[in-house]
Amino acid sequence: MNSHAAGTSNGGPGDAAAARRNTRMPKCKGRRDNTCWDSKFTQQELPACKPILTPKWVVSVFFIVGVIFVPIGVVSLLAARDVVEIIDRYDEACVPGNMTENKLAYIQNETLSKECIRNLTVTKDMKQPIFVYYELGNFYQNHRRYVKSRNDAQLRDASKANQTSACEPEKTTANGQPIVPCGLIAWSLFNDTYNFTRGNENLTVDKKDISWKSDREHKFGKDVYPSNFQNGALKGGATLDPKIPLSEQEDLIVWMRTAALPTFRKLYGRIYIDLKENDTITVTLNNNYNTYSFGGKKKLVLSTATWLGGKNDFLGFAYLIVGGLCIFLAFAFTLLYFVKPRKLGDHNYLSWNRRHAGR
């Protein structure tokens with residue numbers, strides 16, 4: 001009895017903890033309002049971990065990141081170097097000599113032939129599949145008005161063909177009929193064409209599955225057919241077959257996925273024939289697309305691919321630079337630690353202690 005009384009009157013640590021528990025909010029059991037906050041989450045009592053950045057940890061992390069990133073960068077660069085590319089800019093080369101001073105008049109004159117012959121030499125063996133791209137430069141598909149000029153509901157559902165909101169200025173025809181697909185993006189569809197031969201052998205370009213499967217199945221309807229497309233006085237690009245649904249018009253689907261940068265490539269098709277070094281590929285192309293009015297560039301690209309994709313050195317250099325920087329910092333911090341060591345948790349380095357010490 002006396003010992004119990006003495007223990008309670010001394011006010012030890014146990015009493016302080018009990019007092020804190022008694023001052024908490026009421027238990028949640030049986031309450032229907034929102035005034036109960038007695039939980040580990042609301043009282044911020046969940047287990048937590050705050051690592052201390054000791055010199056050994058910092059140096060180890062930098063060194064491990066560097067050791068991992070440098071080999072990844074080397075492998076990425078080697079994979080990119082295995083890609084074989086043939087790039088041919090033809091927008092200027094395919095203008096007749098007597099029209100070089102007035103390229104815009106040439107491209108706008110429908111009576112002039114736009115056919116052009118280009119010869120490409122294979123610099124290294126190219127294994128199938130060989131990807132055929134067209135590349136446009138100085139073409140801002142990311143322009144706000146251009147990107148918004150479409151109606152996704154119209155592209156998906158045939159019953160919403162009359163929905164042409166946001167498609168200005170290509171909404172309707174002169175007599176008010178809705179254009180399907182409407183908008184500037186579809187209206188400016190790329191319309192240059194390419195045919196490839198190697199000697200007397202025709203190289204067929206497979207244009208199947210060049211678009212994203214998700215786009216074909218979810219963004220472009222199987223029951224939506226082009227109507228009143230490119231029927232105006234000014235044609236912006238290619239025409240569409242009104243008997244083929246939009247879900248099968250893959251050139252359109254590829255084009256409608258707008259690019260983020262002014263220089264971009266879009267997939268034209270694939271060639272499933274191996275090409276040997278020093279082979280001569282004859283390209284018969286129709287130079288129809290007008291890039292001369294805005295100073296654009298057009299290029300034809302033949303490319304192979306590796307497990308990492310197409311030719312892109314940026315990823316490899318990024319890994320090498322970050323990995324090399326981490327290794328450099330690891331050695332720098334290690335040298336600093338040995339030259340000028342600092343005791344962990346030394347209170348003398350606190351600002352108020354430095355002032356009192358006259359430092």
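This is a predicted model: local features need pLDDT of at least 70, side-chain atom pairs count only at pLDDT 80 or more; totals for chains, interfaces and linings use all residues.
I looked up Asp-88 to find its bridge partner, which is Leu-300 in β8. Residues are numbered from 1 along each chain as its sequence is written, and side-chain values use heavy atoms, with hydrogens and water left out.

**The sheet**

I noted how strands are named: they are DSSP runs of E with at least two residues, helices are runs of H or I with at least four residues, and both are numbered from the N terminus. Two strands pair if DSSP finds at least two bridges between them.

I then traced β1 to β8 (residues 297–303) and found five bridges, with the strands antiparallel. Next I followed β8 to β3 (residues 130–137), where seven bridges join an antiparallel pair. Here Gly-137 has Lys-297 of β8 as its bridge partner.

What is the order of the four strands in the open sheet? I read β1-β8-β3-β6, with antiparallel pairing. β1 (85–89) and β6 (264–271) are at the edges; each has a single partner strand, so one side of each lacks a neighbour in the sheet. The twist averages 20° from one strand to the next.

Five of its seven residues are buried, so β8 is largely enclosed by the rest of the structure.

**Ser-211**

I found Ser-211 in the loop between β5 (201–203) and α8 (213–219). Is Ser-211 buried or exposed? Ser-211 is buried, at 9% relative accessible area. Its side chain makes a polar contact of 2.9 Å with the side chain of Glu-250. A polar contact is a pair of N or O atoms within 3.5 Å; within protein, one must be able to donate a hydrogen and the other to accept it, and residues adjacent in sequence count only if both atoms are side-chain atoms.

**Val-75**

I ended at Val-75, in helix α3 (residues 55–81). Val-75 is partly exposed, with a relative accessible area of 44%.

Methods: Axes are lines fitted to C-alpha atoms, for helices over the stretch in contact, and angles run from 0 to 180 degrees between N-to-C directions. Buried means under 20% relative accessible area, exposed over 50%, partly exposed in between (1.4 Å probe, protein chains only).
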